[in-house]
Every structure is written in structure tokens, then in C-alpha cells.
Amino acid sequence: MNLTNPERRRFLAASLGLASLAALPAWARPSASVGSAHIVVVGGGVGGCTAAKYLKLFDPGLRVTVVERNPVYLRPYGSSEVLNEHVTMQDLEVSYDTLKNNYGVEFVIDNVVGFDPQARVLRTAGGQSIGYDRLIVSPGIQLMYDSYEGLNAAVAHQSLPAAWIPGPQTALLARQLRGMRDGGTFVIGAPPNPYRCPPGPYERAALMVEWFGRHNPRAKVILLDPKDKFVTDETMLLGWNRLYKFNIPADYRERLESKVEVLEHSRPSMLSWVRGQDGGRILGVDVAGNRVETEAGMVEADVINIIPPMKAGMIAMDLGLADESGWCPVGRRDFASTLQPDVHVIGDACIADAMPKSGFAANTQAKTVARAIVEELAGRPSPEPIWENTCYALAGTDYGLFVADVFRLIDGRITRVNQAGRYLPLDASPMQIRLAARYQQSWLRTFTEDCFA
Amino acid sequence: MMIKPTVKTSLCAALLLAGLGSGTSTLAAGHGGIGEPAPENWTAATLRETLAAMPAGDAERGKELNQSLFCASCHGNAGVSPSMNWPHLAGQKADYTVKMMLDYQSGLRLEGLRGRLMHHVAVLVSEQEITDLAAFYATLPAPEDAVTPRPEVALAASDLPAEVLVRKGDPRRLITPCASCHGDSGQGGRREAPELAGQNPLYFVRTMHHYHDGVRANDGKKTMRAFAYRLTPTEIDDLAAYYADLPLSN
């Protein structure tokens, strides 16, 4: 057995979730560099920073530069917990200092304004020209506010926050919810597929019902939805049924009743879920009248939180990386753009078949792309990637649930390969449910560490 | 985030007993600070009595719990961690595993945020579940050739190689041979001394440094701190490599 063999060590570094590099003794760090190429990453979110960190882990000799417009990252995952006062806006802040100081990742805090894919050069608003050997773009999403009559970015920023990309809108929505009149109605508009964080709108609704139960017990939460189902729906609905006296829709109830006890509540829940088949699709907003028009009619509201349809972040459009679908087509093995040479697109913005638009997915894509680039530069074949995703979600502060999947490349498509055991079991014990909530909280911390520290 | 540990009543009694038996308060340096008073450390007597009062474990039930409580996510389906970050539990002595769960429960072992999740788990499980899990890990063969990196060690002239420290110790530094507590083949010794054979070297090294710095101080008489304090970093690396590959050489 030769465990000090550099190839073996490289394999180890690539295949295992690494602890903080700074925390690793020298012998557990990856071996010496094979190249000095310059890899530039556009977008300092989960995907971009994970890619930058793992490039340096796989090959410390690489020069890695992240171009990002904001000096401090606000993590979107777990950001609904600002609304229920579980965390503050400051708790969402993630510093780039560890990546800079401990990993040697360079940061350029600036906007990209020019791109020459043939010469492989980016230009920034601050006047820098940044040449690269490979470009990784992790642009995230943009929200298409204009999809609904009466809604636009200015309205959202001023009075009708989406709060799906954390920032001033998150703080605004939190203030609105705290100030909502006694017995008022909070309307959440869930987005159509595909969108970032599939269980997120349903978790947000649940956390706010729980919060109102303590702070505004006559309040109502109405979740308007163009869809009829969502990932983790069965376990989430069961949580609502147990925690918020929510009556599960008949079609779900029939499926669930054979496996688990479903409670029948005689009085209406604080929470309503208006599905697409019941007219839940939003048509427009009457901002002055505080009303949302749906296919089922007008819904009166006190606080409105519409999460609009999404597409790839604006920088992906600017760099010519998105197609008419609004998302970025890529080679499925190495996430190389099919539209621009020497560019890889990862995270929410790319088209990744069965993989959801989640931070976890962006993180695992970033690692496989970092590996693919390092191997390609070294003239070695890169191993076949295997991707993972886990979405944790809360139905209440102490009520956790999840979906956990593994993906492989099958016939050129990213395909889910696990079948059973994707979700928290329907017959999970109270302890398993509590434990899942603890895991969710722990994941927020350890995941941030894996991406940024 | 508010955390309200709900230690099971019978364990409260056991820990209270532990507290009464110990004269000294032992707040570990670098204690995670869970808002609880510093837990009292064990004496030989309180540990013996507490372990004796635990229900008998069932390895079959433990195998199921390893999945249903998500232990396997970090510690593996067969007690071999799939990650560099966590200890292997395969083959671990049941008494040691039980003690660790009780220590996580009381906060005696936390190691900052790292141990926080184990604290959350430990306050939710019953005594029976603890002993079932411990029984399961004890039935598993010690890890061999687990895919964790091994230290590359260049011992200084004044360092003693692991083999010597394990078998003979170092009387000049009052270091008892490791084997006297952890066994000739690293299989663990009486009561709390854990099995070390096949252990993840990264975890081994981290643990020794935690003992050295007082971040970990759940050993009754601080014996491990005394040893860790006198060993050099390269000796610790060498011991980690020695124990990691011990099952292979046996």
C-alpha cells in the first residue's frame, strides 16, 4: 500500500469532502502543482467560491481569481430565517477573507463590462483587463418581476419584496411582517418551475405560520402557486397537518393515509395553499389596493411576497452564455458552455437536467468542474463525475425534512440514480424529525464552511 | 440560536452522581458554551457505576439506528467514515462509545462547533439507543485501508518513533506506553481507553492537539492531556500513521 503516492493523494483530495485547508496538516493537503494556468471565476456565490477553493486544493500552483461585484456575500440558503427572526441580516454575511488569506484566491470586486472569448480576456468597470486560460461563470439567477402585470423591479424594491435573493428586500419583508396588522393576511406567490431552492417557498410559508402563531395568532398565510406539487411535498404537507392544523388536499390524503395517520381538522388552518388546479396562478398585482389577482379571483393581502419566475443571472446574458430558454446550455460532463469556448457555467444558471437549482447542486458541480479543469490542464482524463444534492427544509423550527439524491451521467443526461429513501420517511419518529431540523441548522454552517472557508 | 438540552431524567441522575463524586470543576478551554453550567468530569467510580447501570445493548437494533438516526452519513454504513473529517467507529469498544455519547450529552465533550451536532443527537437519544449503537459498532471489524491520507513523517533526532512510544513509552518524559491502556494491537483497553487501530489519522492528530490545548478534556484524570502535552507534533503524526495501519500489520 502506498498512501503517500501523489496520484493517490490527488484522488483522495478530489473524492472526499475536505475540511478547511488551513485546518489540515501539510501531509493531508494535495500535492504540488502541475501548472500555473490562470482560472478566472465570475460570481462569488456558492458555485464560484467552491470552484475557486477546490481548484486551489487540487492544484495550489494554479492562479485563481474571483470577479464579484459585492465585497461581502449574503447567503441565500437559510435566508427565510431572517423573516421569522431566527437569524439577523448580519448572520447571512459571508466574508471572502479565508479564501483570500488561507487559499490564495485573488478577488477583484468589480463589475464585468467586457468580454473577448477569443482572446480570453474580461474587462471590468474599474478598467482592469483580466486574461484567463479557463473561465468559470457561476451567475446565479435573476428574478423576472415583469412577468406579472403591475409588478416590476422598482415596485418589488419599494413595497412588494420578493426576498429571494437576500438583500434589502429581505430586510424590507421582515419589517413588513413584523408590522403587519393584527389578523392580517400574508400572501406568498410561489414561482413556476424551474426555480432556485425548490422547497423554499413552502418552508417560508411554514416558518411564517409558526412565527405568526406566537406574534399575530389571528393572521393568515396564503400560498399562491401555479403548480400542483413540489419536491418534499408529502413530508412538508404532513408537517403542516401536524403543526398548523392544515387539512391535506384530498389527492395527497388518499396517498398518505395508507402509510401514516393524517389528521382531519374541523377548523380552517392559518395556512392555505392554493394550487394551480385551484386557480393559484398569479395574473397580476394591484399594488395600490394591496391585492393579488389570480386565476381564482382577487386575493386581499396586507403583506405581499411574490417570488417571480427566474432565469440565469444577467451576467450570463451579457457574456452570451444563455439560450432562448433563459438558462445556460452546457456539456453535461464538464459543464463547458456550448455557446462560448473555454467557459464553464455552473450553479442555478446552467441546464443540469435532473439536478435542482440549489446551493448544494452548485457546490457539487463546482467540485467536479474544478477537477475536470485541473485534469484537462495536466493532460489527464478526468474521472466520470458523480453529483449529489440534499435540500433540507423546515416545516417548523424543530421539524426538519429533506430530499437527498445522487446523480450520474446516463445517455448524455444528468440522471438521478437513487430510488428509495430520497425523503425523510413518512413514518419518521418525532426524534428523527427533530434531528432532521438539527441537521438542517448544522448543514447551513458546515456547507458555508465547505464553500467559503 | 437557543438550544435547550433535554437530558433524559435517568441520565441526569447518573450525571448528578458523577458530579457529586468529583471534587473539581473542569470546564474545558475552548468549551463550546452551550449556555449550560460546566459539566462535572468523571471519576473512576462514577464512570464505572454509570456504565454498569446502562441497559444491555442490541447490535441488531444498533445497526438500524445507525441508519435511521443518520449516523451513517458521517460514520459510514459499517462504521468507516466516508469522509476525512470524522472518526471511524468500526470495532470501537462499547464502553468508550457510550461514554462519548454521555459526554456529548452533558457537554463535557464539545470541541467547539464540531461537537455541537453530536450534542444535539446525544440529547435526543435514549440510554437504550446509546447502548444499541455502541454494541453495533463494537461488532464491526476495525477499519483497514480506509481512504484517508497518512502522515508523511520526518522525525527529528530527539523524537521517539511511534513503535517505541507505543511499546515502551518514554520514562524520561513520564510517558506511559500507549499500549498499556490502548492494547498491544491498539484494540483498546479497560473501560474508557478506546480502540485506536485503523483510526482516521486526521482525526487522531486533531484529537491529540485538542488534548494538548485542553479543547478536549473529558478524560477523567487528564491523562491524555499529560501525554499529548509532552509529545512533539511529529511524534503525534507518527503515532497517527502507526495506528492507522495497525490492522494491516496484525
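A residue is called buried when its relative accessible area is under 20%, exposed when that area is over 50%, and partly exposed in between, using a 1.4 Å probe and protein chains only. By that scale Ile386(A) is partly exposed, because its relative accessible area is 42%. Ile386(A) sits in strand 20 (residues 386-396) of chain A; helices (H or I, at least four residues) and strands (E, at least two) are DSSP runs, numbered from the N terminus.

Before going further, a word on what you are looking at. This is a predicted model, in which local features need pLDDT of at least 70 and side-chain atom pairs count only at pLDDT 80 or more, while totals for chains, interfaces and linings use all residues. Residues are numbered from 1 along each chain as its sequence is written, chains are lettered from A and ligands numbered from 1 in the order in which they are written, and side-chain values use heavy atoms, with hydrogens and water left out. The predictor's confidence in each residue, from 0 to 100, is its pLDDT. Chain A averages 93 on this score, and 92% of the residues reach at least 70.

Now let us go inside. A nonpolar core is a set of buried Ala, Val, Leu, Ile, Met, Phe, Trp, Tyr and Cys residues joined through side-chain atoms within 4.5 Å. The largest one has 171 residues, and Phe186(A), Phe212(A), Trp240(A) and Phe452(A) touch the most other members. Helix 11 (residues 430-452) of chain A gives the most to this core, namely 10 residues. Apart from it lies another core of 23 residues, including Ile175(B) and Phe227(B).

Another phenylalanine to visit is Phe402(A), in strand 21 (residues 399-410) of chain A. Phe402(A) counts as buried because its relative accessibility is 11%. With neighbours within four places again set aside, Phe402(A) is in contact with residues including Thr232(A), Tyr392(A), Leu424(A) and, from the other chain, Phe70(B).

Next come some backbone details. Most residues other than glycine have a negative phi, and most peptide bonds are trans. The bond from Asn193(A) to Pro194(A) is cis, with omega near -10°, and Pro194(A) is found in the loop between strand 11 (185-189) and helix 6 (200-215) of chain A. Phe335(A) is not a glycine, yet has a positive phi of about 55°. Phe335(A) lies in the loop between helix 9 (314-318) and strand 19 (343-345) of chain A, and is buried because its relative accessible area is 0%. Asp342(A) is found in the loop between helix 9 and strand 19 of chain A and has a positive phi near 60°. Asp342(A) is partly exposed, given its relative accessible area of 27%.

Finally, turn to chain B. Chain B has 13 helices and zero strands. Buried residues make up 54% of the 250 residues in chain B. Among contacts in chain B between residues at least 6 apart in sequence, 71% join residues at least 24 apart.

Notes
Contact = heavy atoms within 4.5 Å.
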